[in-house]
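Subject: Structure handover

Hello,

Here is the structure for you to look through. My notes on what turned up follow below it.

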Amino acid sequence: MTCLNGQCKHWIPLKDITSVAEGKSSRTHTNIFEVIVGKNRYVFSVDSLTERAEWISMIKDITLPKQMCTLQRNEYENELFQVTVMNTKDSERLQIVGDYYLSVEPKFLCLLDIKTGAITTQWNLQYLPRFNLRKVSKLQDLDMILVIWASRDCKSRHGEYHFLTRQGKEIMTAIKMETCRLATEKIEMSDESARSASQNDQTNSTTKDESQVLRSI
């Protein structure tokens, strides 16, 4: 990838990106896209239209959830949603079939005993690569099935789980907002690490220059 304004060595904090879009080709460069950071505009050129589309899509996937999180608060955090865990081989393996409460906590999706309120099992949200909502019937919209897929990184809780509920949309919103918050947190940590590394490189470079000056004296 080529940076047209000669600032390739300048790192761009992902949290500061406000826009990314296709750009106009020039005589010397094609397949251009632009990244807007505040008042600055960074122009990049890649090898193909496919690669350009992939870069734009990837940057949007990373930055847009962060922007959504700054505008919305997870109003469903810690709320108890009543669900029925449907019978699947994975729910049988964990012995979690029947009525429970489901709660979206910081970093976790928790299943609670409907009588005692104790946590029966929980899934780390970063290990839930997919989740969706399905209608039980085309004739009514009340009952819905929430489906989550837990990766093998989720240890013994990996697998596919189905929850019958009338609060499917609210649960989906809560999950999306919490995963969005986690993505923002990860971006900020990455930016902070990059900033620290850059400062260390500058410090080491300055120290090296000073040492060379002293030796020459």
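Aspartate 90 lies in helix 2, which covers residues 89–93. Bear in mind that this is a predicted model. Is aspartate 90 buried or exposed? Its relative accessible area is 11%. The cut-off for buried is under 20%, so aspartate 90 counts as buried.

The side chain of aspartate 90 has two polar partners to look at. One is the side chain of arginine 93, joined to aspartate 90 by a polar contact of 3.2 Å. Another is the backbone nitrogen of glutamate 160, which the aspartate 90 side chain reaches at 2.8 Å. Leaving out residues up to four places away in sequence, aspartate 90 touches His158, Gly159, Glu160 and Tyr161.

**Overall layout**

Now step back to the whole chain. The protein has 217 residues, and 31% of them are buried. It contains three helices and eleven strands. Along the sequence they follow the pattern β-β-β-β-α-β-α-β-β-β-β-β-β-α.

The accessible surface comes to about 14000 Å². Carbon and sulfur atoms account for 50% of that surface.

**Leucine 80 and strand 5**

Leucine 80 sits in the loop between helix 1 (49–71) and strand 5 (81–85). Its relative accessibility is 44%, so leucine 80 counts as partly exposed. Not counting residues up to four places away in sequence, leucine 80 touches Tyr101, Leu102, Ser103, Leu112 and Gln167. Leucine 80 and valine 104 are 24 residues apart along the chain, yet their C-alpha atoms are separated by 8.1 Å.

Which way do the side chains of strand 5 point? They alternate. Phe81, Val83 and Val85 point to one face and are buried.

Strand 5 pairs with strand 6 (residues 98–105) in the antiparallel sense, over five bridges. Within that pairing, glutamine 82 has tyrosine 101 of strand 6 as its bridge partner. Strand 5 also runs antiparallel to strand 11 (residues 159–165), and two bridges join them. There, valine 85 stands opposite phenylalanine 163 of strand 11.

**Strands 2, 3 and 4**

Strand 2 (residues 17–22) pairs with strand 3 in the antiparallel sense, over five bridges. Isoleucine 17 stands opposite valine 37 of strand 3. Strand 3 also runs antiparallel to strand 4 (residues 40–45), with six bridges joining them. Phenylalanine 33 has phenylalanine 44 of strand 4 as its bridge partner.

Strands 3 and 4 form a hairpin with two residues between them. Look at glycine 38 in the turn: it has a positive phi of about 60°.

**Aromatic pairs**

How many aromatic pairs does the structure hold? There are four. One of them joins phenylalanine 33 and tryptophan 55. Their ring centres are 6.4 Å apart and their planes are at 20°, so the pair is stacked. Phenylalanine 33 lies in strand 3 (residues 32–37) and tryptophan 55 in helix 1, so the pair ties together parts that are 22 residues apart in sequence.

Phenylalanine 33 is buried, with a relative accessible area of 1%. Tryptophan 55 counts as partly exposed, at 28% relative accessibility.

Tryptophan 123 and phenylalanine 163 form another pair, this one edge-to-face. The rings are 6.0 Å centre to centre, with 85° between the planes. Why does this pair tie together parts that are 40 residues apart in sequence? Because tryptophan 123 lies in strand 8 (residues 119–124) and phenylalanine 163 in strand 11. Tryptophan 123 is buried at 0% relative accessibility. Phenylalanine 163 is buried too, with a relative accessible area of 0%.

Two more items belong here. Phe33, Phe44 and Trp55 form one aromatic cluster. And the charged end of arginine 130 sits over the ring of tryptophan 149, 4.1 Å from the ring centre.

Best regards

Methods: Residues numbered from 1 in each chain as written. Predicted model: local features only at pLDDT ≥ 70, side-chain atom pairs only at ≥ 80, totals over all residues. Heavy atoms only, no water. Helix = DSSP H or I, 4+ residues; strand = E, 2+ residues; numbered from the N terminus. Buried < 20%, exposed > 50% of the residue type's maximum accessible area, 1.4 Å probe, protein only. Polar contact = N/O pair within 3.5 Å; in protein donor to acceptor, adjacent residues only side chain to side chain. Contact = heavy atoms within 4.5 Å. Pairing = 2+ DSSP bridges. Areas by Shrake-Rupley, 256 points an atom, 1.4 Å probe, with all protein chains shown as cover. Phe/Tyr/Trp six-rings, centres within 6.5 Å; stacked < 30°, edge-to-face > 60°. Lys NZ or Arg CZ within 6 Å of the ring centre and 35° of its normal.
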